[in-house]
Structures are given as C-alpha cells and as structure tokens.
Amino acid sequence: MKALKANCRIAKMNRRIKYAALLVVLIALALSLSTCANKKEAITSVSQLNDPNITIGVAQDTAEGKLVEKDYPKANIQYIRGEVEAYTSVSQGKIDAFIFNKVTMQTAMVNGLTGVRILDESVGEPVYSGVAFSPVTKVPDLENSVNAFVDELTADGTLDEMTKRWIGTADAKMPNIPKPSNPQKHVVIGTTGANMPYTYYSGTDLTGYDIELAYRFALWFDASIEFKVYDYSGIVPAAQSGDIDCIFANMFITPERQEALHFSHPTSKSDIGVMVKDDSAANPIGNIRNSFYKTFVREGRYRLFIKGIGMTLLITILAVLCGSILGFSIFMACRRGNRIANGFARTFNWLMNGMPIVVLLMILYYIVFASTDIPGSIVAALAFTLTFGAEVYSMLRTAVGTIDIGQTEAAYTLGYTDLKAFFRHILPQAMPHFMPPYKAALVNLVKATSIVGYVGVQDLTKVADIVRSRTYEAFFPLIAIAVIYFILAGILVFFIDRLMNKLDPTKRKAEDILKGVRTHD
C-alpha cells in the first residue's frame with residue numbers, strides 16, 4: 001500500500017512537471033510570435049517616420065509635438081512625461097522613435113545611455129532657447145537686464161566658451177562664480193533639474209549650462225538668486241502665477257509659448273534629433289552592483305533620497321495631525337444637528353470627494369496662494385489636510401452611527417453630561433469601527449503624496465525622477481522608493497495599531513470605565 005501511494009505521488013509530480021513545462025513552452029511560443037508580429041523594419045532615415053505604423057514619442061509641453069503634427073501627420077503621436085521615460089520606451093520598443101533636443105540626447109549617450117542610437121539627420125529647423133519671464137514679476141527691469149546680459153556674453157564669447165564646456169561632454173564642471181557681496185535684488189528662478197546638460201543635479205547641487213548662466217547673471221545683476229525645481233508641465237504655470245520671476249531651463253522659443261511668456265534674446269541653439277532603438281546593441285542583464293553604485297553612492301545621491309523621505313514624512317505628518325483635528329472638529333460641530341454646520345460639512349465633503357487631489361493641489365498653489373511666498377511643501381500639506389479631514393469626518397460619522405442610541409440614553413441615566421457621555425461612553429465604542437478605515441486612509445495618504453512634484457516639492461518620487469535623469473536606469477530608483485513607501489506605511493500602521501490597542505474599550509480597566517460615576521449612594 002505504501003509503495004502504491006508513493007507511486008501515485010510520483011505520478012502526480014510528473015504530471016505537474018509536464019504541465020509546467022508545457023506552460024513554459026506555450027508562453028515562450030506566444031512571446032516569440034508576438035515579437036515576430038511586432039518586428040518592424042529598422043528606422044534608418046527620417047523619411048520613414050511619416051507612416052501610420054510608426055509611433056513617435058514627444059515629451060509633454062515641448063515644441064517637438066507641433067513639429068511632429070506638421071511634418072509627420074500620418075504617424076501616431078505618443079506624449080511622454082519626460083525624456084528619461086522616452087529613452088526607456090525607445091530601448092524597449094514601446095515607441096519607434098523619439099523626437100527631442102539633439103544635444104540633450106547626445107549628452108545622454110555620452111553619459112552612458114545604451115540600447116538606442118540617434119539618426120544622423122535632424123528634423124525641422126534649428127530651434128533657439130531663451131530665458132522666459134513671469135508676466136507678474138516684481139523684479140524691476142528684469143527682462144531688459146537679462147537681454148543686455150545675454151548680448152554682452154554673446155559679444156565677448158562667453159556663451160561660446162560655455163557651450164564648449166557643457167555640450168557633448170561627460171564630466172563638465174561648474175566654474176567658480178562668486179556671489180554678489182551685497183546683493184540689492186532677489187530673483188526666484190524656475191528650472192527642471194532633469195535636462196542634461198542644461199539643468200541637472202550633481203549630487204545634491206544643481207548644475208548645467210543654464211544654471212551657470214543664472215549664476216553669472218546674478219553676479220552681473222548684483223542679485224541673490226533662489227532656484228525652484230518643477231517638471232516642464234508645471235514650470236510655465238509657476239511663472240504665470242508669479243511663483244517664480246523667470247525660467248532658466250533650456251526653454252525653446254516658440255510662438256505658442258510667446259503668447260504666455262516673454263523671452264530673452266536666444267541663449268543657445270539646438271537641432272531637433274530622432275532617437276531610435278539600436279537593434280544591434282547587446283542587451284545583457286545589467287550589472288546590479290554598478291547600478292546600485294550609480295543610484296545611491298555616486299555623487300552622494302543617497303542624500304537626495306534622505307531629503308525626499310524627510311519631505312514626504314513632513315507633508316504626511318502635518319496632513320494627518322491637522323486633517324484629524326479638522327475632521328473631528330467638523331464632526332463635533334455637526335453632531336447635534338446644527339443646520340449651518342451640517343450644510344458646511346456637506347458642501348466641504350462634496351468638494352473634497354469630487355475633486356482629484358492633484359487638481360486641488362494645483363488650484364491652491366497656482367491660484368489661491370499664487371501671490372504669496374508660502375512654500376510648496378506647506379501648500380501640499382494644506383491640500384492633503386483638507387482631503388484627509390473630509391475622510392476623517394465621514395469615517396467618524398459612520399463609526400458613531402453604528403452605536404445604538406440606547407447607549408447614549410444609558411449614559412445619561414448614569415449621570416453623564418452630553419459631552420462626557422460622548423467622550424467616555426460613545427466614542428470608545430465607535431473607535432473599533434473607526435480605526436480600520438482610518439488606518440487604510442493613512443496608508444493611502446502616504447502614497448498620494450507622490451504627486452507633490454507638480455508644485456516643485458522634492459519628495460521621494462520627485463527624487464527618484466531626478467536620479468533616473470542622471471543614471472538612465474529605472475530599476476533601483478523605482479524599486480527603492482517602492483520599498484521606502486512600504487516601510488513608511490508600515491511604521492505609521494504600527495503606531496496606529498498601538499493606538500487602537502489603547503482605545504479598545506474591551507481592554508479598559510473597570511476603574512477607568514466608572515471614573516466620575518457615583519457607585520455608592
């Protein structure tokens with residue numbers, strides 16, 4: 001009998017192995033067929049781009065999109081958040097070509113980007129970049145001063161010397177430019193920090209062609225300067241709102257942009273290039289040790305992650321504390337049926353639940369607080385406070401609603417006042433119903449803070465984008481922030497669980513429950 005059972009187990013194991021092997025073969029066959037079906041002729045010329053079977057990627061909020069629409073109307077256009085995502089999409093074959101600033105793409109190749117190549121031909125006409133100005137800047141005569149400064153650097157050859165130092169090199173260094181000894185003015189400059197060689201991070205310091213230009217202008221203009229870092233999608237609204245005075249970020253001068261902002265005389269000239277996949281390039285498994293070194297160790301990039309964690313925690317903790325107080329205050333105001341308070345609560349809840357948090361964040365930053373000097377981190381904390389407060393109010397109303405009205409009446413019978421009955425008798429019973437959704441909302445809040453990069457806040461997700469723009473690798477930056485978010489959420493949940501144990505009425509001592517109640521008459 002034992003031998004028979006053993007044979008049966010062996011037979012079952014053999015069948016499972018066969019099924020697993022068959023599954024692997026079918027998956028491999030499907031991938032092979034998919035690869036063959038999707039295999040296209042290698043792109044060797046820009047003349048191949050005007051084809052309905054070709055997908056061309058362009059970065060969001062850049063001039064290249066209009067160029068592709070005009071010159072390649074038959075091609076499919078895919079808008080991509082930034083050039084680093086586009087490089088990955090090209091190398092993985094998700095898009096057939098990426099059209100962008102040729103200098104930026106060449107610099108990426110020089111700094112280690114692989115799996116792609118740049119066509120020799122350029123597309124369209126060369127484009128010019130300049131400094132863009134906020135229409136509401138309070139810096140006197142800023143536009144005329146920048147134009148005079150640019151003309152001076154063009155005439156004496158400084159711009160040519162800067163171009164030779166930054167363009168097409170892998171180890172350009174920022175020259176030592178002194179700061180004004182007694183600045184009479186202050187200029188807030190918007191940049192991206194993710195567009196080599198014009199504006200990028202070396203360690204925790206901004207560097208690049210446009211950053212050098214900004215420092216030179218500060219010395220020339222006798223002004224102190226402050227940098228604020230945005231995505232390209234947010235930098236123009238920041239200038240329009242007056243959050244920054246001007247933009248030093250290799251912005252192409254286009255008619256559409258000139259409708260929104262004024263531009264200086266050209267500061268640089270670029271061709272528009274085409275990046276395609278390099279089918280001849282080997283695709284080995286990356287060197288994990290080298291990738292780890294580039295992501296965390298080189299130029300002390302771990303410090304960026306530490307700063308990002310600090311900013312994420314700051315926004316989260318402020319939002320949790322203030323949002324909990326706000327939600328509880330609204331609930332207490334509405335608890336006894338006050339008509340005005342209930343009307344406000346309904347309207348508040350309707351607004352917060354119906355509006356995406358990223359929209360609320362941008363409304364607060366670019367409209368409500370546009371003319372103030374409130375930092376983006378505080379505005380972000382306020383946005384999350386409002387949304388979290390609405391959630392806390394709804395959770396409290398639901399949790400307290402589960403407690404039978406007889407419990408309140410019993411508390412009155414024992415001599416409790418209304419408030420004492422609520423805090424000593426009703427609320428403790430409601431806590432087990434309140435805390436699980438509260439814990440889930442807190443975890444969601446930690447993850448939701450990843451959008452604050454829209455308003456120039458360098459949180460954990462924004463830091464990962466900055467690092468990816470330097471290393472051109474996605475694995476370690478993205479896996480790292482995923483792990484960090486898990487850890488942060490786990491730590492917060494741990495403290496919430498401890499709090500739940502403290503508030504669990506089944507674990508309260510008898511003397512605490514009867515405190516304030518006369519047990520002997």
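This is a predicted model: local features need pLDDT of at least 70, side-chain atom pairs count only at pLDDT 80 or more; totals for chains, interfaces and linings use all residues.
Let's start with the inside. In soluble globular proteins, nonpolar side chains tend to be buried together. Here, the largest nonpolar core counts 78 residues, and the ones with the most contacts inside it are Ile235, Ile244, Ile247, Met251, Phe305, Phe434 and Tyr438. Domain 1 (127-269) and domain 2 (300-510) each supply at least three residues to this core. As for Ile235, leaving aside residues up to four places away in sequence, its contacts include Ile244, Ile247 and Met251, along with Gly190 and Tyr230.

Now for the charged side chains. Side chains of opposite charge can pair when their charged atoms come close. The structure has nine salt bridges. One of them joins Arg165 to Glu161, with 2.0 Å from N to O. These two sit four residues apart in helix 6 (residues 158-166), so about one helical turn separates them. Arg165 is buried, at a relative accessible area of 19%, because the cut-off for buried is under 20%. Glu161, at 36%, is partly exposed.

Helix 7 (residues 209-221) holds another pair, Glu212 and Arg216, again about one turn apart, and their side chains meet at 2.8 Å, N to O. Glu212 is buried, with a relative accessible area of 0%, while Arg216 is partly exposed at 24%.

Over in helix 17 (residues 460-471), Asp465 and Arg468 lie three residues apart. They form a salt bridge of 2.8 Å, N to O, and both Asp465 and Arg468 are buried.

Technical notes: Residues are numbered from 1 along each chain as its sequence is written. Side-chain values use heavy atoms; hydrogens and water are left out. A nonpolar core is a set of buried Ala, Val, Leu, Ile, Met, Phe, Trp, Tyr and Cys residues joined through side-chain atoms within 4.5 Å. Buried means under 20% relative accessible area, exposed over 50%, partly exposed in between (1.4 Å probe, protein chains only). Domain bounds come from an automatic or database domain assignment. Contact means heavy atoms within 4.5 Å. A salt bridge is a side-chain nitrogen of Lys or Arg within 4 Å of a carboxyl oxygen of Asp or Glu.
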